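Subject: Structure handover

Hello,

Here is the structure I promised to pass on. Please open it first, then read my notes below.

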Amino acid sequence: MTNPDSFSSAIRYRDQLSEGRARLDTRFHAGLPSVQTSTALSDLYDQIVSKIFAQSLQQAETSGVNPRYLKRFALVAHGGYGRRDLSPYSDADLMLLTPRVATAAAAPVAGSLVRDLTDASMDVGFSVRTPAEALSLAWADPKIYSSLTESRLLCGSESTFGSFFERFRSGAKRRWKSLNKKVIQARMEERHRWGETIYLLRPNVKRSRGGLRDIQLVRWLGFATHGQTDLTQLHRLGALSSEDLQTLLRAHGFLLRLRHELHFRTKRSQDVLDRPTQMEIARDWGYYGRTGVLPVEDFMQDYFEHTRSVRYVSGFFDADHRAQSRAAMAVERMLSHRVEDRIRIGPTQVWVDSKNLDEFAASLPDVLRLMQLANENQRWIAHPTWQAIRQTMLERPPSPPDPTSVKAFLGLLSQPGRLAHLLRRLHELRIIEQLIPAMRRCRGLLQFNAYHKFTVDAHCIGAVEAATDFADQDSVMGRRYRRIKDKTLLHLALLIHDLGKGYDEDHSEVGFRIAGEVADAFELQPSQKETLQWLIHRHLLMTTVAFRHDLNDPDVVHGFAAEVGSVRRLELLLVHSVADLIAVGPDVLTDWKMNLIEDLYIRTRRYFETGNLPGENDPELDSHRDEIIDLVQASSDGDSAMELARDLPLSLLRHRSSEEIAGELIEVGKWLGEDKGCYCACLVAPEGNEVRYNVVVRQGERRIGTFARITSALYSCGLAIYRASIETVGEDLLWDSFWVSDPDYANDPPPNRIDQVCRVICEALDRPDTPIRTARKVWMTKDDSEPESVLLLPTKIVFDNDTFDHQTILSLFTYDRPGLLADVTTVLAAEDVSIQFAKIDTHLDQIADVFYITNAASEPILDGEYQARIRESMLEVLNRSPA
């Protein structure tokens with residue numbers, strides 16, 4: 001039964017904790033430094049925990065526990081609480097350390113202690129251990145070991161704690177190799193869960209790479225090797241340089257302040273820095289931004305600068321404290337050979353002789369030449385060599401590159417090897433920005449949207465990595481990449497292709513000028529400069545045409561081929577486009593997008609080689625169509641489908657098996673013979689990762705509103721459309737395809753669900769004058785959408801009458817929301833706009849929809865007032881909050 005006095009005390013302590021946090025909140029926002037805030041929080045916790053522990057001891061003694069045992073208990077704070085590094089709503093790790101003879105007496109003390117701490121609203125991690133148990137668990141579990149390295153006696157027996165901690169310290173030193181290996185592995189696993197790169201746009205300030213945990217990693221490794229966790233003590237022992245110490249202390253202050261801010265704002269333990277909070281903190285911390293850079297981007301550049309520095313220092317400290325086999329190092333040296341006067345290459349590493357290292361490390365041309373050799377031979381740069389280079393290069397004043405350095409840098413770019421890894425190292429040393437000044441501005445620059453997952457500099461280097469990964473792939477893209485003889489311009493273009501971002505002007509236009517400046521500085525040949533500028537200026541050309549235009553139209557392919565001009569440029573643009581998409585973020589390059597790019601590439605290359613445009617003298621496509629016709633003819637129900645097979649457009653023929661197409665044509669043929677209203681069927685991919693609804697309807701005299709009613713019907717069923725296309729088969733059939741996600745059935749809808757959706761679609765088309773039922777509410781989690789305050793990219797509605805004479809291309813770029821496509825197409829129908837062709841693409845929170853449209857008379861929409869009316873109606877619905 002709960003002691004009334006204990007309950008009363010718990011309420012008092014709860015109030016003390018709440019009032020203490022509130023006071024610290026005020027002091028923190030008035031300017032109290034983050035480290036002092038943590039110290040004050042730890043003092044507050046100490047006061048409450050010590051009083052409750054004293055009460056627990058008193059209650060145990062009153063209940064008959066031997067006082068001699070109670071005096072031998074030690075209450076130990078460990079982890080963040082132990083190092084006095086708390087944030088406002090952090091949990092407190094506590095261990096009741098007890099001699100073996102007093103174990104039984106510990107139970108009542110532990111019970112009342114945990115109960116009263118919980119009643120006081122304190123979140124605690126609690127354990128009862130004998131010294132032997134604590135040591136045994138620490139040697140086996142890296143998480144327990146790392147937490148206990150930060151142990152601090154809170155109250156109780158100094159001798160019990162002192163004896164334990166000396167045994168712990170000496171035991172850790174004896175086991176430093178195995179312990180460091182386990183701690184590093186555990187941190188790698190944690191980074192894998194929370195973010196391998198520092199450039200995440202929604203980072204965890206504690207656990208993501210370069211966060212507070214990596215600073216703690218330095219402390220944990222230092223304890224096993226040097227017996228110390230304090231960073232200043234590690235510096236005095238020679239384990240940390242002065243510069244690295246200051247780097248970690250500055251980053252610790254910034255990140256700890258940020259973590260405090262997140263806790264105080266949410267009144268809970270919160271370590272994820274989401275996009276709305278980034279904007280709020282940037283405003284409250286006084287970030288004003290600058291030309292082309294938003295305040296939130298300025299703030300996040302500071303964040304990335306600190307995490308980059310932490311990742312760098314902790315990475316070197318990590319490498320210094322790994323368990324390395326002396327035998328392996330001896331074999332490396334024994335099997336090495338000299339490649340230049342001062343450089344040796346072994347089976348896995350390349351290094352500089354120690355007697356020449358200081359002079360070598362100060363020479364930028366020599367450093368770049370070493371990296372070129374490492375890349376060509378696919379060797380790692382030995383840690384002592386790289387450590388010397390890093391120290392010297394960070395102290396070296398920036399200077400314009402000399403011709404020798406440029407030559408070595410271009411040599412480095414010429415081979416895939418470990419290129420991306422080496423470029424990241426050069427970027428961290430700020431060497432790339434000396435060679436390419438525009439890179440300096442993009443260091444840690446946000447791309448403030450959900451489509452891009454990384455900063456501009458990380459994305460550019462990631463694009464280089466995506467391309468060089470093709471080198472070892474046994475794939476079509478691998479063969480095409482290897483076919484490019486001189487890859488220097490490709491790699492250089494990928495490295496700088498987005499450096500024009502962050503300006504009011506289109507980034508491709510700015511990039512064109514940057515490419516010219518880089519070409520002049522690197523003294524490229526005129527033809528090389530022209531190719532580099534074209535590749536960057538038009539790096540979005542292939543994806544724009546593939547994703548937004550009808551590739552069955554010969555004019556589209558002809559226009560694209562005229563812009564590209566040669567097979568060589570086509571190959572360069574293809575690899576650049578695919579690598580760029582891969583580097584945007586996970587799952588951006590879908591099979592659908594890759595198929596569209598592949599279609600455009602094949603059709604354009606065929607045009608260069610034969611002069612034939614889509615549909616002209618294509619033996620492979622003709623053979624595929626003939627195979628489909630044979631399968632249809634073999635079916636007893638195939639008579640009505642024969643004409644469909646002959647009229648099937650190219651887009652419906654490619655990337656699908658003959659059997660699948662023939663089966664679908666036979667079913668549509670049956671529908672034609674039955675003279676029913678509309679045809680609807682659901683096709684689920686064999687791997688179950690894609691659901692597509694195909695709707696076929698007779699066009700009749702008017703086709704205006706058909707697409708709108710289908711999208712509205714799908715939305716009314718609670719389905720989200722993330723891709724759609726319209727095709728015309730023959731002269732009278734509209735063949736619409738919709739790729740959807742169903743919140744109720746993931747990617748495997750049961751037959752009754754498919755029947756329900758098809759019934760709603762057919763009712764909407766067969767009864768065009770009846771209203772479609774109200775859309776079902778689709779609940780979204782907090783992570784599914786962002787507040788309007790973070791939707792910074794402007795909505796774009798573009799009318800293009802230059803590409804075609806017979807129709808207008810309407811492009812829409814905006815943020816997605818439930819039912820948006822249904823609303824937009826309904827507006828077009830209301831304005832008497834006929835949709836001839838459409839490509840709908842949704843990624844995360846953004847859409848890029850393209851409609852080929854005409855007016856009711858099947859003419860392009862040229863009238864400015866008519867365009868303005870359509871635009872105004874679309875903006876009205878786009879700006880309207882969803883029901």
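Which residues have the most contacts inside the largest nonpolar core? They are F409, L423, I436, I496, F522 and L532. That core has 102 residues. Helix 30, residues 567-584, gives the largest share of the core, with 10 residues. There is also a second, separate core of 52 residues. Among its members are A74, L148, W220 and L258.

Please keep in mind that this is a predicted model.

**The chain overall**

The chain has 883 residues, and 56% of them count as buried. It holds 39 helices and 16 strands. Take the contacts in the chain with a separation of 6 or more: 70% of them join residues 24 or more positions apart. The chain exposes about 38700 Å². Carbon and sulfur atoms supply 49% of that area.

**Helix 25 and I496**

Helix 25 covers residues 488-496. Is it enclosed or open? It is largely enclosed by the rest of the structure, because 9 of its 9 residues are buried. The buried residues are T488, L489, L490, H491, L492, A493, L494, L495 and I496. I496 is also one of the residues with the most contacts inside the largest core. Leave aside its neighbours within four places in sequence, and I496 is in contact with I436, A515, V518, L532 and I536.

**Helix 28 against helix 30**

Now back to helix 30. Helix 28, residues 541-548, packs on helix 30 at an angle of about 75°. Their axes are 8 Å apart. That angle falls in the range from 65 to 115 degrees, so helix 28 is roughly perpendicular to helix 30.

Which residues meet there? Helix 28 brings L541, M542, T543 and F547. Helix 30 brings L570, L573, L574, S577 and L581. By class, the contact has 7 nonpolar residues, 2 polar and no charged.

S577 deserves a look of its own. This residue lies in helix 30. Is S577 buried or exposed? S577 has a relative accessible area of 1%. The cut-off for buried is under 20%, so S577 counts as buried. Not counting residues up to four places away in sequence, S577 touches H539, M542 and T543. M542 and T543 belong to the helix 28 side of the contact.

**Helix 29 against helix 31**

Helix 29 spans residues 554-564, and helix 31 spans residues 591-610. The two pack at an angle of about 70°. Their axes are 10 Å apart. That makes helix 29 roughly perpendicular to helix 31.

Helix 29 makes the contact through V557, H558, F560, A561 and V564. Helix 31 answers with L600, R603, T604, Y607 and F608. This contact has 7 nonpolar, 2 polar and 1 charged residues.

One more residue of helix 29 to click on is E563. How exposed is E563, and what does it touch? E563 is partly exposed, with a relative accessible area of 33%. It touches W534, R538 and L541, not counting residues up to four places away in sequence. E563 and R538 are 25 residues apart in sequence. In space, they are 9.1 Å apart, C-alpha to C-alpha.

Best wishes

Notes:
Residues numbered from 1 in each chain as written. Predicted model: local features only at pLDDT ≥ 70, side-chain atom pairs only at ≥ 80, totals over all residues. Heavy atoms only, no water. Core = buried A, V, L, I, M, F, W, Y, C linked by side-chain atoms within 4.5 Å. Buried < 20%, exposed > 50% of the residue type's maximum accessible area, 1.4 Å probe, protein only. Helix = DSSP H or I, 4+ residues; strand = E, 2+ residues; numbered from the N terminus. Contact = heavy atoms within 4.5 Å. Areas by Shrake-Rupley, 256 points an atom, 1.4 Å probe, with all protein chains shown as cover. Axes fitted to C-alpha atoms, helices over the stretch in contact; angles between N-to-C directions. Parallel < 35°, antiparallel > 145°, perpendicular 65-115°, else oblique. Nonpolar A, V, L, I, M, F, W, Y, C, P; charged D, E, K, R; others polar.
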